[in-house]
Amino acid sequence: MASPVVARFGRRVAMERKRRGWSIADLAAKAGIGATIISNLEHGRQGCTLDSAVPLASTLGISLDGLDGPCGRCAGKPHPGYTCGLCGASGEDPQRGGACA
């Protein structure tokens, strides 16, 4: 099982890929990396190296920082007691700025 950071990164890759209407195979071909790497990352089974993370971020048009950051849906501050299913931010997670006002 991957760390929370890897799991959040994988969820964000999946969110950005789906937002573009791409399959895992589409993203793999565009980024020049294996579909298995992307699948394992998105499902939290394993992390990836910078050799894979950089092309993924570039292909998705987002910085590496952006792939680890909050998603556009919750902006990193979901409502109290709620955990964003996309980026993993919690409404009570002080690392994400606490609960929404």
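pLDDT is the predictor's confidence in each residue, from 0 to 100. The model shown here is predicted, and that score opens the set of views below.

**View 1. Confidence along the predicted chain.** The chain averages a pLDDT of 76. At least 70 is reached by 61% of the residues. Confidence is highest in helix α2 (residues 24-31), at a mean of 97. It is lowest in helix α5 (residues 64-68), where the mean is 68. Residues 96-101 have a pLDDT below 50. Beyond near neighbours in sequence, that stretch still has 20 contacts in the model.

**View 2. The fold as a whole.** Five helices and zero strands make up the secondary structure of the chain. Along the sequence the pattern reads α-α-α-α-α. Of the 101 residues, 44% count as buried. Take the contacts between residues at least 6 apart in sequence: 44% of them join residues at least 24 apart.

**View 3. The largest nonpolar core.** This core has 14 residues. Val13, Leu27, Ile38, Leu56 and Leu60 have the most contacts inside it. Helices α1 (4-19), α2, α3 and α4 each give two or more residues to the core. The most come from α2, with four residues. In soluble globular proteins, nonpolar side chains tend to be buried together.

**View 4. Leucine 27 and its surroundings.** Residues up to four places away in sequence are not counted here. Leucine 27 touches Val13, Arg17, Trp22, Ile38, Leu56, Thr59 and Leu60. Val13, Ile38, Leu56 and Leu60 are, with Leu27 itself, the residues with the most contacts inside the largest nonpolar core.

View 5. Ile24, Leu27, Ala28 and Ala31 are the buried residues of α2. They cover an arc of only 100° around the axis, so they sit on the same side of α2. An α-helix has 3.6 residues a turn, so residues three or four places apart point the same way. What covers the buried residues of α2 includes α1, α3 and α4. Ala29 and Lys30 are exposed on the other side of α2.

**View 6. Tryptophan 22 with two charged side chains.** Which residues lie over the face of tryptophan 22? Lysine 30 is one of them, at 5.0 Å from the ring centre. Arginine 20 also lies over the face of tryptophan 22, at 6.0 Å from the ring centre. Lysine 30 is on the exposed side of α2. Aromatic pairs number zero in the structure.

**View 7. Helix α3 and the glycine after it.** Ile38, Ser39, Asn40, Leu41 and Glu42 are buried in α3. The cover over these buried residues includes α1, α2 and α4. Glycine 44 follows α3 with a positive phi, near 70°.

View 8. Buried means under 20% and exposed over 50%. Leaving aside neighbours within four places in sequence, isoleucine 37 is in contact with Cys48 and Ser52. Ser52 is one of the buried residues of α4. Isoleucine 37 and glycine 47 are 10 residues apart in sequence. Their C-alpha atoms are 8.3 Å apart in space.

**View 9. Helix α4 down its axis.** In α4 (residues 50-60), the buried residues are Ser52, Ala53, Leu56, Ala57 and Leu60. Seen down the axis of α4, they fall within an arc of 125°, so they line one face of the helix. The face turned away from this buried side carries the exposed residues Leu50, Asp51 and Ser58. Just after α4, glycine 61 takes a positive phi of about 70°.

**View 10. Valine 54 and alanine 31.** Valine 54 has its place in helix α4. At 44% relative accessibility, valine 54 counts as partly exposed. Alanine 31 is among the buried residues of α2. In sequence, valine 54 and alanine 31 are 23 residues apart. In space they are 9.0 Å apart, C-alpha to C-alpha.

Note on methods
Residues are numbered from 1 along each chain as its sequence is written. This is a predicted model: local features need pLDDT of at least 70, side-chain atom pairs count only at pLDDT 80 or more; totals for chains, interfaces and linings use all residues. Side-chain values use heavy atoms; hydrogens and water are left out. Rings of Phe, Tyr and Trp (its six-membered ring) pair if their centres lie within 6.5 Å; planes under 30 degrees apart count as stacked, over 60 as edge-to-face and the rest as tilted. A charge sits over a ring if NZ of Lys or CZ of Arg is within 6 Å of the ring centre and within 35 degrees of the ring normal. Buried means under 20% relative accessible area, exposed over 50%, partly exposed in between (1.4 Å probe, protein chains only). The arc is that of the directions from the helix axis to the C-beta atoms. Contact means heavy atoms within 4.5 Å. A nonpolar core is a set of buried Ala, Val, Leu, Ile, Met, Phe, Trp, Tyr and Cys residues joined through side-chain atoms within 4.5 Å.
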